[in-house]
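Please read this briefing alongside the sequence and the 3D view. The notes are grouped by topic.

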Amino acid sequence: MKRILALIVAVLMLATVFVGCGNGGNKETASSSADNDPFHGEDNITLKVWAPNEAVETFQAQCEDFIALYPDKKISIEVVAQGEADAATNLLNDPDAAADVFGFACNNLNKLYNAGVITPVYDEFKDDVTKRNSEESINAATLDNTLLAYPETGDNGYYLVYDKSVVSDEDAKTLEGILAACRKAGKKFVMDAGNGFYSCMFTFTGGMELAGLNEEGTQQFNDYNEDEVVASMQAFSKLFHEYKDIFESADVSKVSSGMAEDPRTVAAGIDGSWNAKVVSEVLGDDYGAAKLPTINIGGKDTQIISMHGYKLIGVNYKTKYPETSQLLANYLSDEKCQLERAEERSWGPSNLAAVESDVVKNNIATSAILEQAKHSVAQVGIADTFWDPMKTLGNKVYKPEESSETAALKELLAKTVANIKDE
Amino acid sequence: MKYIDYVQLNPFQKFGYNFKQFFVKLPGNLKKFFCLIGRFFKRIGMGIGKGVANYFTRFVKGDWATKLSYLIMGFGNAAKGQVIKGLLFLLTEVAYIAYIVLFGWKYLSKFNTLGTVESGFGVNPETGRPMTINGDNSMLILLYGILTIVITVIFFVIYIASTKSAYKAQQTVAAGKKPEKFSSELKNLLDNRFHVTLLAFPTLTISVFTILPMIFMILIAFTNYNYQHMAPGKLFTWVGFGTFSEIFKVTGGAASKSATFIELTKWTIIWAIFATVLNYIFGMIIALMINKKGIKLKSLWRTLFVVTIAVPQFVSLLLMNQMLQSYGAINVLLKELGIIQNPILFLNSTPLVARLTVIIINCWVGIPYTILITSGILMNIPADLYESATIDGAGPVKSFFKITLPYMLFVTTPYLITSFIGNINNFNVIYLLTDGAPYSENFYQAGYTDLLVTWLFKLTMTTQDYNLAAAVGILVFIVCATLSLITFNLTKSAKNEEEFS
């Protein structure tokens with residue numbers, strides 16, 4: 001009996017092996033829906049939005065406003081804290097778990113584009129977005145003639161902040177004047193020369209510009225004049241060596257912390273837009289802000305050229321609700337939302353109408369940064385290999401024990417460019 | 001040298017002799033080593049050959065049920081009455097085939113190219129909207145390809161086991177006995193096959209969480225997975241030893257990876273030697289001082305030194321970093337005291353100053369551990385040894401070198417070796433203190449105080465040169481493995497010759 005049972009089981013097993021798996025379920029594609037619906041048929045929508053920690057509340061409120069615009073749709077939006085600098089990296093790590101709509105710094109755009117994880121701006125928004133934002137910010141959001149993201153801010157840069165009781169407005173026009181005034185008062189001038197974001201000004205002032213990446217992802221530069229760039233580096237180097245007791249290279253936060261000391265140890269510095277609120281509170285009535293000063297290169301006062309970034313809002317390609325995400329990104333980057341953020345968070349807008357508003361004009365830091373933006377190289381199309389060699393260059397330019405001879409600087413420049421290009 | 005001559009040497013001469021002997025014997029040992037490897041592979045080959053032969057012998061000798069179980073796993077067992085066991089074997093086969101058909105094959109089939117279809121922007125055919133067309137994802141192909149291969153190997157082992165089991169069941173029946181019941185086999189797992197039960201879980205977790213990622217990382221070194229070939233947007237593919245040759249290629253113009261690698265390797269070894277030896281010597285000296293007769297409040301001193309361990313290492317390191325800044329506490333203090341005019345850039349001026357600084361700071365975080373370890377051992381050295389040495393007229397220095405040091409070395413050599421290897425990979429100190437500064441335009445993404453391991457970190461985190469980082473990782477492993485093998489060998493010979501009691 002048992003033997004027979006065993007045989008039956010064995011035969012049954014035989015059968016299971018040869019029975020093929022049934023055909024999988026048939027996929028029914030969603031039928032295209034009414035054309036007038038901005039959501040194109042999407043409903044019961046849940047979205048995740050990434051915004052920097054300090055702005056989560058602002059964004060949440062704006063998202064609530066967005067939901068209120070469409071009462072007949074069921075939408076829920078969750079705003080999660082995520083710094084803009086790391087947004088791209090985190091998105092690349094796991095696009096499925098990332099936000100549908102996310103804010104990021106524009107220097108990461110090529111990374112997102114190359115990995116194909118960002119959805120371009122839809123056609124119906126394109127013209128409007130291009131029209132309402134500054135040309136530079138649109139350029140910063142465009143690669144290969146495709147508008148890839150919505151400009152969010154126009155002020156991701158740095159500017160000159162000074163203590164009016166030490167540095168007069170007239171002094172603040174030239175770097176020489178600022179340093180002399182600081183020396184008179186025995187106070188410091190602070191900038192982060194050991195950081196590629198700031199130290200690139202040593203070369204940019206001499207006419208170097210970024211020219212995107214080539215197909216292999218190698219950094220390209222414009223056709224700059226090597227002698228002029230070296231002359232600019234030399235001017236900075238000599239000035240810093242001359243004022244080595246006044247000039248201090250430290251993290252940007254040192255500007256506000258030095259000014260907060262009693263008595264103030266720092267009289268002027270180059271500070272980031274994101275710190276503006278803190279510095280203005282620390283200095284009170286003595287708060288001075290302006291575009292970066294000029295520097296004397298070979299007898300000629302030359303405007304310092306900075307690097308200027310933009311913050312963008314992008315749409316994750318893995319989103320389940322692409323139509324709603326685009327609509328939301330468009331909403332979050334329009335004039336109303338940019339103005340709200342300018343009021344609440346002092347974020348400088350990229351929107352042309354918002355820039356002209358009183359809120360922005362009365363904010364001297366934002367005006368200074370937007371003024372400096374006219375003398376800047378946009379932070380777009382930058383290879384990851386850019387920052388480290390530029391940091392090294394900055395360190396070598398300011399350090400008192402390094403040479404400021406033309407030949408040495410020329411070699412430094414050549415090596416820096418070669419390192420960035422990884423040749 | 002005869003044994004009697006050797007015994008009369010002092011410890012340093014002994015060490016020198018052993019050291020010389022190590023190199024004299026090296027060619028012979030190397031030959032032995034390669035012979036061993038050869039024999040190992042020969043044995044494996046023989047084993048496989050024998051296994052294959054057995055596999056066919058079993059097939060020829062098996063009855064129809066056994067023969068069928070070569071195709072349908074567990075058939076033979078089931079036919080002989082081991083129904084549950086047979087079902088389990090069958091289940092494994094079905095699961096494996098389902099896995100391959102539904103999941104594994106689509107990755108495994110592209111494993112040799114790592115994908116051919118690149119992603120790009122296109123138009124969604126349903127809505128006419130721009131969207132990303134998903135191409136092949138090289139990283140997932142590599143990852144799941146490895147997973148499939150590993151699963152296939154495991155399945156193959158089970159498959160062989162199933163044919164064996166079927167044949168065994170046939171033999172048992174032929175001998176007129178009853179095949180073993182499933183319940184008794186389960187009981188066996190708790191009894192004379194208990195080691196299998198115990199080891200199953202650790203083996204499984206180690207393979208999933210350690211071996212699988214390790215194979216993945218090692219294989220990345222043989223691809224061109226870097227910032228120019230980032231998945232999911234771009235494809236990467238196999239390049240063989242291309243990445244390794246890039247590390248050793250001497251190029252003009254830009255900072256070459258070879259120059260960076262060689263310079264950082266040199267510094268890593270110098271760092272490891274100094275960090276280990278200084279911590280060891282100073283820790284031992286402090287422990288000796290605390291242990292000295294006549295020192296009062298011994299436990300207070302010991303506690304004070306060990307308190308530094310209570311502060312997390314990274315906290316002390318970050319604090320040190322702040323104190324050593326150009327306007328940090330130390331510079332301000334020196335300036336107030338009138339010792340210096342301009343601040344000293346401890347961490348970011350010349351390579352020598354920065355390297356000295358990190359070595360000295362490392363003593364701060366390292367010495368307490370040595371004190372802890374050595375003071376216990378020091379208390380264990382028999383006091384009569386010192387007494388008789390004193391009676392024989394030995395001073396404190398002599399008894400340190402003749403009694404304390406040999407005793408300590410004897411006991412703590414394994415600790416020394418592990419801390420040496422640990423220092424080669426000492427990420428925290430360098431990363432938190434200097435982050436590689438001072439930087440140099442002659443190095444590729446590195447500074448003068450970067451160790452190989454912090455360089456590796458920068459390569460992965462800032463420039464996404466994953467292939468280069470993987471290759472550097474393999475080279476670091478080779479360096480570490482070689483050094484520890486050499487040192488372990490040296491200590492072994494010392495242990496055999498000299499017994500301390």
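Predicted model: local features only at pLDDT ≥ 70, side-chain atom pairs only at ≥ 80, totals over all residues.

Residues are numbered from 1 along each chain as its sequence is written, while chains are lettered from A and ligands numbered from 1 in the order in which they are written.

**Overall fold of chain A**

- Chain A has 19 helices and 17 strands; helices (H or I, at least four residues) and strands (E, at least two) are DSSP runs, numbered from the N terminus.
- The C-alpha trace of chain A spans about 105 × 50 × 40 Å along its principal axes.
- Of the 423 residues in chain A, 51% are buried; a residue is buried if 20 or more other C-beta atoms, placed from the backbone, lie within 10 Å of its own.
- Among the contacts in chain A with a separation of 6 or more, 73% are between residues 24 or more positions apart; two residues are in contact if their C-beta atoms, placed from the backbone, lie within 7 Å.

**Nonpolar cores**

- A nonpolar core is a set of buried Ala, Val, Leu, Ile, Met, Phe, Trp, Tyr and Cys residues joined through C-beta atoms within 7 Å.
- The largest such core has 175 residues, and A:V49, A:L109, A:Y159, A:L160, A:I178 and A:C182 touch the most other members.
- Apart from that core lies another of 8 residues, among them B:A65, B:A78, B:F89 and B:L90.
- Beyond its neighbours within four places in sequence, A:Y159 has contacts that include A:D271, A:S273, A:L292, A:I369 and A:Q372.

**Domains of chain A**

- Chain A is divided into domain 1 (45-155 + 309-373) and domain 2 (157-307 + 380-421), with bounds from an automatic or database domain assignment.
- The C-alpha centres of domain 1 and domain 2 of chain A lie 29 Å apart, and their contact takes 17 residues from domain 1 and 16 residues from domain 2.
- On the domain 1 side, α4 (109-115), α6 (135-140) and α17 (364-373) of chain A are the elements giving two or more residues, and α17(A) has the largest share, 7 residues.

**Helix α18 of chain A**

- Helix α18 (residues 387-398) of chain A has 12 residues and reaches 17 Å from its first C-alpha to its last, close to the 16 Å expected at 1.5 Å a residue; the expected span is 1.5 Å times one less than the number of residues.
- In α18(A), 12 of the 12 residues are buried, including A:W387, A:D388, A:K391 and A:Y398.
- The cover over the buried residues of α18(A) includes α8 (196-199), α9 (201-204), α10 (226-242), β11 (247-249) and α19 (406-421) of chain A.

- Strands β9 (residues 210-213) and β10 (residues 219-221) of chain A run antiparallel and are joined by 2 bridges; strands pair if DSSP finds at least two bridges between them.
- A:L213 has A:Q219 in β10(A) as its bridge partner.
- The hairpin has 5 residues between the strands, and A:G217 takes a positive phi near 85°.

**Contact with chain B**

- 41 residues of chain A are in contact with 41 residues of chain B.
- On the chain A side, α1 (2-18), α4, α18 and α19 each supply at least two residues, and α1(A) gives the most, with 9 residues.
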